[in-house]
Every structure is written in C-alpha cells, then in structure tokens.
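Trainee: I would like to learn how to read a structure one feature at a time. Could we look at it together, slowly?

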Amino acid sequence: MNIVLFGPPGAGKGTQAKELAKHYNISHISTGDILRANVRDGTKLGIKAKEYMNKGELVPDEVLIGIIRDRIQQPDCKHGYMLDGYPRTIPQAEALKDILGKVGKPIDVVLNIEVPDKELIGRLSGRRMCSCGESYHMMFNPPLKQGICDVCGGKLYQRDDDKEEVVSQRLEVYAAKTKPLIDYYSNINILVNIDGTGTVESVFRQICDVLDSHQK
Ligand code: ADP
Ligand code: ADP
Ligand code: ZN
C-alpha cells in the first residue's frame, strides 16, 4: 500500500507513521527525519537545509524532490511506502506524480489528519525528540522516565523549530503553501480526512479502518 500522511505541523504524522509502517510492513519516509539526520551529520545538504528549517521556512523544492526521487526507488519501498512530510507544495506533488508514474507505484490514499491550530501549538511546544527518531510529548505522550527515550535510553531534546516564535511561522507557511494540496488531492478523489484530535490510539484505529477498507 502506498500512502501519503498529510497534515499540519504537530498533527501526529510522525507518531502515526511509525506505528502504521510496522502494522502494514511498509517503509516510513519522513523528509523531516532525513533532513535532521543531514543537519546532525553536517552534510552539505544539512548545512543548507538548517538555515530554512530554523526559520520555519520550507527547504527549496528541488532539494526535496531530489531526496524523494532517490528514496522512493530503494528496494525497501517495494512493498509500499508511507510518506510523512512530503509533498508540502504543489510543485513537490507534481514532481512526485512524475516519479511515481515512472516507477509504477502510484499513491493509493492521502490521509489528511485534521487538528485545530490551538491544539497544534500545544502539541508542538510540548514535543520532545530523541536522536533515534522517537518523539514524545511532555503531557500527552510522556516517556517512562522523564527526559529519557523509552526506546534507546537517549537524552530527549526540544527541536529548535518547536520554539514558540518558529511554530507560528511554520503554521503560516503550512496555510499558505501546503494546505492547497488538500484541494489538489481531493480533486483526484484520493483524499480521506481523519479526525486527529482523539488519543494516539483512537487516531490509529481510525486510520486502520480506512486503510483496511481500501485494501479489500
Ligand atoms: P513537522 O513534523 O513538525 O511537520 P517535519 O519534521 O516534517 O516537521 O519538517 C521539519 C522541517 O523540515 C520543515 O519545517 C521544513 O523546514 C523541512 N521540511 C521537511 N519536509 C519538507 C518538504 N517536503 N519540503 C520542504 N521542507 C521540508
Ligand atoms: P507531526 O509529525 O505531524 O509534526 P508528531 O507525530 O511529532 O506530529 O506529534 C506532535 C506532538 O504531539 C508530539 O509531541 C506527539 O507526542 C504529540 N501527539 C501526537 N499525536 C497525539 C494525539 N493524538 N494526542 C495528543 N498528542 C499527540
Ligand atoms: Zn531514542
């Protein structure tokens, strides 16, 4: 199954994508995680991307298109993929269509996780990350031991772009550049809205119901 997980920053894409990828045995591709790994390793790409990310801006389309073109053709995507954080602009969606057409792996469904802005701000400001990719929330999804990752024992940190000033900029960028993709995918009848306001488990079940009925 080939899935795009769509939604504003803080909607729960990463949280759901990890569980869904395991449950359906498909690859989880998070462009945010790929970019952060490059920033951490100090690659040329990472040095360039960091400037945009820390300001809450999008990294240029051509950079992301290049990343996705390489990643989607890796052998682990053969059984399906779950895109998380891509596409974020119309040109990115157009490029994706081209790439997927060539490799013969079209998108089956775009899941649009809906959460009101006020709740997004609370989720983003309380988010804590681990360098292993796991994410937590200080109140809604706390680790067993404060400040420590359940999975790897690593020390949790707050993303620079989850600080208040940058969060509001990210939500504005989402509204201006990313939200138009809702119409784009709904016009081709592959968009399904998901109520993202429940618990992590209830959102997961909602998504599984949609995906299981698609698979039949
Ligand atoms: P979130 O999960 O909070 O929505 P991500 O981890 O997906 O954030 O992305 C973090 C940052 O990485 C974005 O604010 C942006 O700067 C950059 N980024 C990630 N994916 C893309 C993309 N598809 N296009 C442009 N920039 C991206
Ligand atoms: P995204 O990848 O869309 O930016 P995340 O999955 O990183 O979002 O979730 C953002 C924050 O909200 C994290 O701190 C996460 O633990 C928390 N979170 C995720 N899903 C829920 C939920 N259903 N209810 C409450 N908090 C959630
Ligand atoms: Zn960890």
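Trainee: In what order do the strands of the open sheet stand, and is the pairing parallel or antiparallel?

Mentor: Keep in mind that this is a predicted model. The open sheet is formed by 5 strands, which stand in the order 2-3-1-4-7, and the pairing between them is parallel. Its edge strands are strand 2 (27–30) and strand 7 (191–195), each of which pairs on one side only. From one strand to the next, the twist averages 20 degrees.

Trainee: How many bridges join strand 1 to strand 3, and how many bridges join strand 4 to strand 7?

Mentor: Strand 1 (residues 2–6) is joined to strand 3 by 4 bridges, and Leu5 has Asp84 in strand 3 as its bridge partner. Strand 2 and strand 3 also pair in the parallel sense, over 4 bridges, and here the partner of Ser27 in strand 3 is Tyr81. Between strand 4 (residues 109–114) and strand 7 there are 5 bridges, and Leu111 stands opposite Val192 in strand 7.

Trainee: Which residues of strand 3 cover its two faces, and are they buried or exposed?

Mentor: The general idea is that in a regular strand the side chains alternate between the two faces of the sheet. In strand 3, Tyr81 and Leu83 lie on one side while Met82 and Asp84 lie on the other, and all of these are buried, so both faces are covered.

Trainee: Which strands does helix 2 lie across, and how do helix 2 and helix 3 cross?

Mentor: Helix 2 (residues 31–41) lies across strand 2 and strand 3 (81–84), and it runs at about 65 degrees to strand 2. The axes of helix 2 and helix 3 (residues 44–55) come within 7 Å and cross at roughly 115 degrees, and the crossing is left-handed. Where these helices meet, helix 2 contributes residues including Leu35 and Val39, and helix 3 contributes residues including Leu45, Ala49 and Met53.

Trainee: Is Val173 buried or exposed, and which residues is it in contact with once its neighbours in sequence are left aside?

Mentor: Val173 lies in helix 7 and has a relative accessible area of 8%, which means that it is buried, as the value is under 20%. Leaving aside its neighbours within four places in sequence, Val173 is in contact with Gly56, Glu57, Leu58 and Thr178. For Val173 and Ile47, which are 126 residues apart along the chain, the separation of the C-alpha atoms is 21 Å.

Trainee: What are the relative accessible areas of Cys132 and Cys152?

Mentor: Cys132 has a relative accessible area of 41% and is partly exposed, while Cys152, at 46%, is partly exposed as well.

Notes:
Residues numbered from 1 in each chain as written. Chains lettered and ligands numbered in written order. Predicted model: local features only at pLDDT ≥ 70, side-chain atom pairs only at ≥ 80, totals over all residues. Heavy atoms only, no water. Buried < 20%, exposed > 50% of the residue type's maximum accessible area, 1.4 Å probe, protein only. Pairing = 2+ DSSP bridges. Axes fitted to C-alpha atoms, helices over the stretch in contact; angles between N-to-C directions. Contact = heavy atoms within 4.5 Å. Left-handed = near helix turned anticlockwise from the far one by under 90°.
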